[in-house]
Amino acid sequence: KSKAKEIRSEEVDIAFADVAGLENAKNELRQMVDYLKDPQQFQEIGAELPKGVLLAGPPGTGKTLMARAVAGEAGVPFFSISGSEFVEMFVGVGASRVRDMFGKAKKNAPSLIFIDELDSIGRARGTGIGGGHDEREQTLNQILSEIDGFSPQESVIVLAATNRPDVLDPALIRPGRFDRQIHLDLPRKEARKKIIELHAGKVLLAEGVDFDLLASATVGFSGADLKNLVNEAALLAARKGKKRVDEEDFNESRDKIIMGIKREDRLSE
Ligand code: ATP
């Protein structure tokens with residue numbers, strides 16, 4: 001028996017308000033939300049939506065969060081798998097999981113499917129490390145045939161995330177498949193400030209923490225880094241026996257994270 005966990009439908013209670021910044025991406029995805037809320041209205045009028053939408057962007061920019069927010073806003077079940085799950089599977093297991101997931105999503109339609117790390121299965125064929133990889137290829141083929149096989153009447157939308165849209169198999173991005181791309185970029189200053197404020201809302205803050213200054217001092221941080229910044233600051237404050245998180249904690253946390261990012265850069269050189 002494979003160690004893969006069973007595909008289950010999830011109810012998500014995340015909304016667009018939980019995603020700070022990324023206004024353009026939200027605007028584009030709002031159409032998917034409207035569709036999932038009332039597919040019949042779109043069908044009756046003869047409007048077709050893309051079946052597959054690619055969320056492309058660097059690690060930690062909120063791709064998973066955004067996909068969950070679409071399901072949460074629409075109030076539809078969320079089904080997800082991650083491309084990296086398939087890497088160590090026996091041949092055939094990945095394909096059957098994909099079949100299982102699409103089957104369940106259709107049965108529970110309108111619904112949303114999310115494929116995380118699409119590039120780990122969806123790399124252009126024949127370019128994988130060690131040449132051909134049967135399992136990966138079968139899984140990819142199964143995804144393609146599932147997407148080709150369902151009609152707009154089935155009211156299932158597939159979102160997939162990747163931080164390497166450039167390496168995807170061209171077959172995946174052909175019309176009728178993942179033919180729409182939405183880019184989630186690293187947050188600029190105003191968005192960084194919003195993300196810090198959103199996460200800081202969950203901790204007890206001391207007076208006078210300057211989020212504007214912190215946003216200026218966190219160039220290059222992803223949403224995930226900023227979430228980490230707030231949590232790390234809270235941990236530091238707690239360890240020092242403070243009752244509230246203050247500016248000193250945020251600065252220390254920021255320095256720590258910057259060191260971490262630098263170390264990662266060195267390792268990947
Ligand atoms: P990866 O490519 O590494 O899988 P991802 O793009 O899917 O990353 P998420 O897993 O969605 O990123 O982000 C991790 C966490 O960072 C989120 O759960 C959230 O707490 C925080 N985060 C990221 N972006 C944002 C954002 N725009 N607003 C609020 N929180 C964010």
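Predicted model: local features only at pLDDT ≥ 70, side-chain atom pairs only at ≥ 80, totals over all residues.
A polar contact is a pair of N or O atoms within 3.5 Å. His199 contributes its side chain instead, a polar atom of which is placed 2.9 Å from a nitrogen atom of the ligand. On its own the ligand would expose 630 Å², and 80% of that area is buried by the protein.

The site of the ligand is the largest pocket. The ligand is surrounded by 17 residues, the closest being Ala20, Gly60, Lys63, Thr64 and His199. By residue class, this shell consists of 8 nonpolar, 6 polar and 3 charged residues. Three helices each provide at least two residues of the shell, namely helix 3 (63-74), helix 7 (189-200) and helix 9 (223-239).

Aromatic contacts were examined next. Across the whole structure, 4 aromatic pairs are found. One of them is formed by Phe78 and Phe114, whose ring centres are 6.0 Å apart. The planes of these two rings meet at 25°, and planes under 30 degrees apart count as stacked, so the pair of Phe78 and Phe114 is classed as stacked. The two residues come from distant parts of the chain, being 36 residues apart. Phe78 belongs to strand 2 (residues 78-82), whereas Phe114 belongs to strand 3 (residues 111-116).

Most residues other than glycine have a negative phi, and most peptide bonds are trans. The bond between Ala109 and Pro110 is a cis peptide bond, with omega near -5°. Pro110 is located in the loop that runs between helix 4 (93-107) and strand 3.

Positive phi values occur at Leu22 and Glu117, neither of which is glycine. For Leu22, phi is near 50°, and the residue is part of the segment before helix 1 (23-37). For Glu117, phi is likewise near 50°. Glu117 is found in the loop between strand 3 and helix 5 (119-122).

Key
Residues numbered from 1 in each chain as written. Heavy atoms only, no water. Near = heavy atom within 4 Å. Polar contact = N/O pair within 3.5 Å; in protein donor to acceptor, adjacent residues only side chain to side chain. Areas by Shrake-Rupley, 256 points an atom, 1.4 Å probe, with all protein chains shown as cover. 1 Å grid on protein atoms, 1.4 Å probe; cavity = no way out; pocket = protein on both sides within 12 Å on 5 of 7 lines; lining within 4 Å. Sits in = over half its atoms within 2 Å of the grid points. Helix = DSSP H or I, 4+ residues; strand = E, 2+ residues; numbered from the N terminus. Nonpolar A, V, L, I, M, F, W, Y, C, P; charged D, E, K, R; others polar. Phe/Tyr/Trp six-rings, centres within 6.5 Å; stacked < 30°, edge-to-face > 60°.
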